[in-house]
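Load the model in your viewer and keep the selection panel at hand. We will go stop by stop.

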Amino acid sequence: FGSCGGYIAGDKSVINYLRRHGPGHLYAASISPGAAQQILSALRLMDGGDGSTRGRDKIRQLHDNANYFRMRLLEMGFHVLGDWDSP
């Protein structure tokens with residue numbers, strides 16, 4: 001969801017300052033209804049809320065693809081950071 005915004009954590013005083021003075025807040029528009037619906041639909045699909053296994057199948061395929069990619073990089077002699085089974 002990176003294209004739809006970001007996240008800032010900090011003390012309340014910092015957040016309030018950014019809200020009052022940050023140009024991103026002053027000139028930015030809120031998330032569009034279409035983008036919000038896309039996010040909700042994607043999460044519902046991943047959770048199986050649509051009654052299908054499409055989301056679970058996509059996650060499994062991503063898992064398998066990530067492990068395959070990692071294996072091939074290691075075979076080519078690359079130093080690969082991270083862990084197996086973690087896309």
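In which helix is the place of Val14? Select residues 12-21: Val14 belongs to helix α1. Keep in mind throughout that this is a predicted model.

**Stop 1**

Is Val14 buried, exposed or partly exposed? Its relative accessible area is 39%, so Val14 counts as partly exposed; that class lies between the 20% limit for buried and the 50% limit for exposed. Together with Val14, they make a nonpolar surface patch of about 370 Å².

**Stop 2: the whole chain**

Zoom out and switch to cartoon. How many helices and strands does the protein have? The count is four helices and zero strands. Along the sequence, the pattern reads α-α-α-α.

Colour by accessibility next. Of the 87 residues in the protein, 10% are buried. The accessible surface comes to about 7,500 Å², and carbon and sulfur atoms hold 58% of that. For contacts between residues at least 6 apart in sequence, 17% join residues at least 24 apart.

**Stop 3: Trp84**

Select Trp84. Where is Trp84 placed? Look in the segment after α4, the helix that covers 54-75. Trp84 has 45% relative accessibility, so this residue is partly exposed.

Beyond neighbours within four places in sequence, Trp84 is in contact with Asn67, Arg70, Met71 and Leu74. Draw a C-alpha to C-alpha distance to Tyr68 as well: Trp84 and Tyr68 are 9.7 Å apart in space and 16 residues apart in sequence.

**Stop 4: Arg70 over the ring**

What sits over the ring of Trp84? The charged end of Arg70 does, 5.5 Å from the ring centre. If you look for aromatic pairs, a search of the whole structure finds zero.

**Stop 5: Asn67**

Is Asn67 buried or exposed? Asn67 is buried because its relative accessible area is 14%, and the cut-off for buried is under 20%. Which residues does Asn67 touch, not counting those up to four places away in sequence? Select Trp84 and Asp85: Asn67 touches both.

Definitions and conventions: Residues are numbered from 1 along each chain as its sequence is written. This is a predicted model: local features need pLDDT of at least 70, side-chain atom pairs count only at pLDDT 80 or more; totals for chains, interfaces and linings use all residues. Side-chain values use heavy atoms; hydrogens and water are left out. Patches are made of residues with over 30% relative accessible area and no salt bridge: like charges are joined within 9 Å, nonpolar side chains (Val, Leu, Ile, Met, Phe, Trp, Tyr) within 5 Å. Accessible areas come from the Shrake-Rupley method with a 1.4 Å probe; for residues, only the protein chains shown count as cover. A salt bridge is a side-chain nitrogen of Lys or Arg within 4 Å of a carboxyl oxygen of Asp or Glu. Helices (H or I, at least four residues) and strands (E, at least two) are DSSP runs, numbered from the N terminus. Buried means under 20% relative accessible area, exposed over 50%, partly exposed in between (1.4 Å probe, protein chains only). Contact means heavy atoms within 4.5 Å. Rings of Phe, Tyr and Trp (its six-membered ring) pair if their centres lie within 6.5 Å; planes under 30 degrees apart count as stacked, over 60 as edge-to-face and the rest as tilted. A charge sits over a ring if NZ of Lys or CZ of Arg is within 6 Å of the ring centre and within 35 degrees of the ring normal.
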